[in-house]
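Okay, thanks for coming, everyone. I've got one structure to show today, so let me put it on the screen.

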Amino acid sequence: MEEVKVSVIIPTHNNADTIERAIMSVVNQDFDLPYEIVVVQDACTDNTGEIVAGLKEKYDYINTFSVNNRSVMATRRDGLNAAKGEYIMWLDGDDWYGPKMISSLYNAIKETNADVVNSNLKWVTKKGVKTAPFAKKKVYSQKQAFKAFLYDVSYIGYLMIKIFRKDLLQKVDLNSFPDGHYMYEDTIINAKYILLSEKVACIKDANLFYNKLNENSITSSSSTRIQDDINAHAYVRKCIEEAGDENLLKIFRHTYFRNWLNLIVDIKLNRYENKEQKKEIVKQAKKDLRDIYSKNPLKIEGKSYSAFISSFRK
């Protein structure tokens, strides 16, 4: 049996209307080397399972199994643990690939000898399909990549537009991540992966169709979005401190003002019961970010993000 080169992991929760399109977009790839599709069904109560089972009968390189309310992170982790490929890609059940998605990323990671390759994407909205602007073709060192990840709008964090080395991704240790429902897990995975990398590449090819029409997406917004954002900032700071790189820590601290503005915009766009509640959230967020971006070592005990950080398994 030939060695599997790429595993495409598809977490899905009640995507009966879109899962066949997602899977078939991977089946119909213009890629000649062996690859597999790993579909992780998370507590599906519609006929997603029947659709996946029917496709598995036709294509023997589809592997599928079910889990029960394990969350986005847990289903991604379960898929990674089951994957056989040398390289890993992810796809959500309501998005889909263009026919050259795998080949463009696989060829780029082989040609550049990078640890991860980022591509571009197309947004699918009510107004039509739009390619994300500002994409670059570039190869970064670790420090350059981390700075781009924090600063550069052309460096998009979505896991679905990347190809990872499986051996390096396993060192990120998704098994240590908490199982609960929280946002910005992409941010944490990106940060930990870059800190393990030596070389990161970006290409301009836009072969992922990112569906922004489905509000019930597996990555849809959460009522705890603001706290999830703060938690992610704190955890990234913790990872940099553990890496012991003062230059990266300095780069991180310089993003304080930009991230504060982004958080304020997020707060303004959310609905709250009254002005006093919003005022209190702004006050707490400002205090948290000052602590996270301080020149002093990160304080964890007694902070709003302490429970999240301690929920990671040792």
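Quick housekeeping. This is a predicted model, so local features need pLDDT of at least 70 and side-chain atom pairs count only at pLDDT 80 or more, while totals for chains, interfaces and linings use all residues. Residues are numbered from 1 along each chain as its sequence is written, and side-chain values use heavy atoms, with hydrogens and water left out.

Let's start with strand 6, residues 116-125, and strand 7, residues 128-131: they run antiparallel and are joined by four bridges. Two strands pair if DSSP finds at least two bridges between them. A hairpin of two residues connects strand 6 to strand 7, and Val-124 sits opposite Val-129 in strand 7.

Now, the cavity. Rolling a probe the size of a water molecule over the atoms shows where empty space is left. For us, a cavity is a set of points on a 1 Å grid over the protein atoms alone where a 1.4 Å probe fits but cannot get out, and lining residues have an atom within 4 Å of a point. Grid points are joined across faces, edges and corners, and the volume is the space filled by probe spheres set on the points.

How many cavities of 30 Å³ or more does the structure hold? One, and the largest cavity has about 60 Å³ of space. Strand 6 comes back here, giving the most to the lining, with three residues. Strand 10, 199-211, also supplies at least two. The lining residues include Asn-118, Lys-136, Tyr-155 and Cys-202. By class, the lining has five nonpolar, four polar and one charged residues. Nonpolar here is Ala, Val, Leu, Ile, Met, Phe, Trp, Tyr, Cys and Pro; charged is Asp, Glu, Lys and Arg; the others, Gly among them, are polar.

Last, two residues. Thr-187 is in helix 7, residues 185-196. Thr-187 counts as partly exposed because its relative accessibility is 27%; buried is under 20%, exposed over 50%, partly exposed in between, with a 1.4 Å probe and protein chains only. Beyond neighbours within four places in sequence, Thr-187 contacts Phe-149 and Val-236, contact being heavy atoms within 4.5 Å.

Note on methods:
1 Å grid on protein atoms, 1.4 Å probe; cavity = no way out; pocket = protein on both sides within 12 Å on 5 of 7 lines; lining within 4 Å.
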